[in-house]
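Open the model in your viewer and keep the selection panel at hand.

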Amino acid sequence: MTIQHAAPAAAHLRNVNKFYGPFQALTNVTLDIPPGKVTCLIGPSGSGKSTLLRCINVLELYDSGEVRIDDQLIGYESPGGKHMAPRRLREMRREIGMVFQQFNLWPHMTALQNVAEGLERVRGLTRAQALTRAREALAKVGLADKENNHPSHLSGGQQQRVAIARAIAMEPRIMLFDEPTSALDPELVGEVLGVMKQLAAEGMTMVVVTHEMGFAAHVADRVVFMERGEIVATGSPREVFDAPSDPRLASFLQGYRERNSLDF
Amino acid sequence: MFSFQTILDNFPVLLSSARYTLLISVLGCFEGLVLGAVICAGALSSKLWLRRIAALYVSFFRGVPLLIQLLAAYYLLPVIGINVPALVAAVLTVGLCAAAYLSEVLRGSLNAIPKGQAEAAAAIGMAPRDVWVRILLPQALKIGLPAIVNELILLVKASSLVTVVGIVEITRMSQSIAAATYRPLEIYLAAAFIYLAINLVIAQAGRVLERRLTV
């Protein structure tokens, strides 16, 4: 048994709105995420990137609009209808991997147990099968020798790679990354981005909220710029980074370049 | 003149009364933990009426002295037509009271777990029961263990209050023996030793468990 890539899924958002009380976090967001491609979400903090990402697996339930994985609606039974039954939602979430900014590894389990837990409890594998596949997933992210370490005995970069292994072991059809390198020391960012590039090369559908413009420029197939809960611009990395058409995007990139210039 | 002989002579009787102390403590602890978990679940519920009931429960059982609760259970229950043996009333009341404290310990421990822990489990499609049993409770137990051990030790000592409903546990027995032998110092020292021994075992068990849960 090896880790297969299930057929990559597409995701479609149509007129998605999300409110926190009176604050509108997402406004009429419409976005197609093509299968097998890398879509990067960029924008200032508080612009709704993470909220959008969390609406795709309904960690946040959007208030109106439609979110579909391939053509299956997620979150509601029908557009504008009742909330989706919890069991049905869990079935859909199995197909959607997620990697968090703070890793969210379970501290009372070893790296191997972290990866095997979902295989056993959710996928229904036997203990032995789960451990075999978990070891393969850890090997894939280059951590075969760390399986018995608890998260507290791993570096941030290693923890995030375990978290990626935990997600890919479930054989998701789409992967969501919520600022996967933002909590890492700069020298550890590379190893995590390396694993993500490998996944991208294998044809995984990936949606990545990131502040790593270099990653977005080199790995993304499409870049989406958000501000104040709205999608302001989308395009290929070349279109977005080299010839920003929107003034807000241009000013965002200008600010980023100034902060990251090698001007000591 | 301090008499070791008095202690030796009366120790077996005193020790045999310790079974009531242990019975009330163990059953009360079990009841307190189970019911405490239920109350805690109520306090964390999304339903307002469940939170109200949990809050009312905690404020009552934490706000009224256990002594009064015991007397109330003993004298009031028969009035409303419920006749239970004193021992049953005592165990139930001690457990009800412990549940109030333990539910708050559990609530605090669960609140201390970062939200991302349950989110990571939900994101892979884990069912709520597994999220609780595999992810949240083990972490809450570890966080709350020192406070839970505290509660259990307090429970053992609070069991001495059940003398008011006529149960002859260690404290009551030592009073009787002290009165009969005119040797209060020796007898109460012996009683103190038994309480101390029980609580040292609990404290040690807590330390061992804590080490095993620490990574």
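In what order do the elements of chain B run from the N terminus on? Select chain B and colour by secondary structure: the order is α-α-α-α-α-α-α-α. That makes eight helices and zero strands, where helices (H or I, at least four residues) and strands (E, at least two) are DSSP runs numbered from the N terminus.

This is a predicted model, in which local features need pLDDT of at least 70 and side-chain atom pairs count only at pLDDT 80 or more, while totals for chains, interfaces and linings use all residues. Residues are numbered from 1 along each chain as its sequence is written, chains are lettered from A and ligands numbered from 1 in the order in which they are written, and side-chain values use heavy atoms, with hydrogens and water left out.

Stay on chain B. Its C-alpha atoms fill a box of roughly 70 × 50 × 20 Å along the principal axes. Of its 215 residues, 43% count as buried (under 20% relative accessible area; exposed is over 50%, partly exposed in between; 1.4 Å probe, protein chains only). Among contacts (heavy atoms within 4.5 Å) in chain B between residues at least 6 apart in sequence, 79% join residues at least 24 apart.

Next, show chain A as well. The contact takes 24 residues from chain A and 19 residues from chain B. Between them the two chains bury about 1900 Å², of which 61% is on carbon and sulfur atoms; buried area is the accessible area (1.4 Å probe) that two parts lose on being put together, summed over both.

Select A:Glu117 and B:Arg134. They form a salt bridge, with the closest N and O atoms 2.6 Å apart (the criterion is a side-chain nitrogen of Lys or Arg within 4 Å of a carboxyl oxygen of Asp or Glu). The count between the chains is two salt bridges.

Now select helix H5 (115-123) and helix H6 (128-158) of chain B, the elements that give two or more residues to the side touching chain A. H5(B) supplies the largest share, eight residues.

Last, select the cysteines. The structure holds zero disulfides over all chains (cysteine sulfur atoms within 2.5 Å). For A:Cys55, the nearest cysteine sulfur is that of A:Cys40, 19 Å away; A:Cys55 is buried, at 0% relative accessible area.
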